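Let's take a friendly walk through a protein chain. Have a look at the picture below, and then we will go from single residues to the whole fold.

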Amino acid sequence: MSDRTNKPVHEVRIGAIKAAIWANATDNGSTRYAVTVARIYRDRNSQWQQTTSFGVDDLPVLQKVIDQAFEAVLNLQGDPGNAPDPGSNDGGNDDPHAATAPAGDTATSGNSRELQASGTPGDQGKARRRG
């Protein structure tokens, strides 16, 4: 697996939700792609943070971001001429922290109920309720 400190080969972003696509070289010389998703927000000190926990209101946007990331991976795997520009992020802004979170979208509080994907192998597609 490649070093995650490298830049992603492509990013998709809608509002505060983003997906990063990473290229990983395999032992046989082929490339496998991995996708990470996150929600960015400003904390109480106005510092940019990111989380992999999503509120229920984030899910429709998350679904669109994942759909676009899937299409980008398909393009990367297929015809290299159709691959997205590595410098683009579909958000029109090179600063990954430039977009502000929607009004009322704050860091996780004790009163909010959120869904977080389980990180346990074999539990893909399952979610557990937090909060």
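Is Thr36 buried, partly exposed or exposed? Thr36 is partly exposed, with a relative accessible area of 32%; here buried means under 20% relative accessible area, exposed means over 50%, and partly exposed lies in between (1.4 Å probe, protein chains only).

Before going on, a word on the source: this is a predicted model, in which local features need pLDDT of at least 70 and side-chain atom pairs count only at pLDDT 80 or more, while totals for chains, interfaces and linings use all residues. Residues are numbered from 1 along each chain as its sequence is written, and side-chain values use heavy atoms, with hydrogens and water left out.

**Thr36 and its surroundings**

Thr36 lies in strand β3; helices (H or I, at least four residues) and strands (E, at least two) are DSSP runs, numbered from the N terminus. The side chain of Thr36 makes a polar contact of 3.1 Å with that of Trp22. A polar contact is a pair of N or O atoms within 3.5 Å; within protein, one must be able to donate a hydrogen and the other to accept it, and residues adjacent in sequence count only if both atoms are side-chain atoms.

| Pair | Apart in sequence | C-alpha to C-alpha |
|---|---|---|
| Thr36 and Lys18 | 18 residues | 8.3 Å |
| Asn6 and Trp22 | 16 residues | 8.5 Å |

**Charged residues**

Lys18 sits in strand β2 (residues 17–25). This lysine is buried but has no salt bridge, and the nearest side chain of opposite charge, Glu11, is 4.8 Å away. For that comparison, Lys and Arg count as positive and Asp and Glu as negative, while His and the chain ends are not counted. A salt bridge needs a side-chain nitrogen of Lys or Arg within 4 Å of a carboxyl oxygen of Asp or Glu. What Lys18 does have is a side-chain polar contact of 3.2 Å with Gln50.

How many salt bridges are there by this rule? The count is one. Asp58 and Arg39 form a salt bridge, with their closest N and O atoms 3.2 Å apart. The pair links distant parts of the chain, 19 residues apart: Asp58 is in the loop between β5 (54–55) and α1 (59–77), and Arg39 is in strand β3 (residues 31–42). Asp58 is buried at 12% relative accessible area, and Arg39 is buried at 1%.

**A residue in a loop**

Ser46 is found in the loop between β3 and β4 (48–51). Its phi is positive, about 60°, although Ser46 is not a glycine. With 44% relative accessibility, Ser46 counts as partly exposed.

**The whole chain**

Stepping back, the chain has one helix and seven strands, in the order β-β-β-β-β-α-β-β along the sequence. Of its 131 residues, 27% are buried.

The largest nonpolar core has eleven residues, including Val12, Ile21, Phe54 and Leu62. A nonpolar core is a set of buried Ala, Val, Leu, Ile, Met, Phe, Trp, Tyr and Cys residues joined through side-chain atoms within 4.5 Å. Both β2 and α1 give two or more residues to this core, and α1 gives the most, with six.
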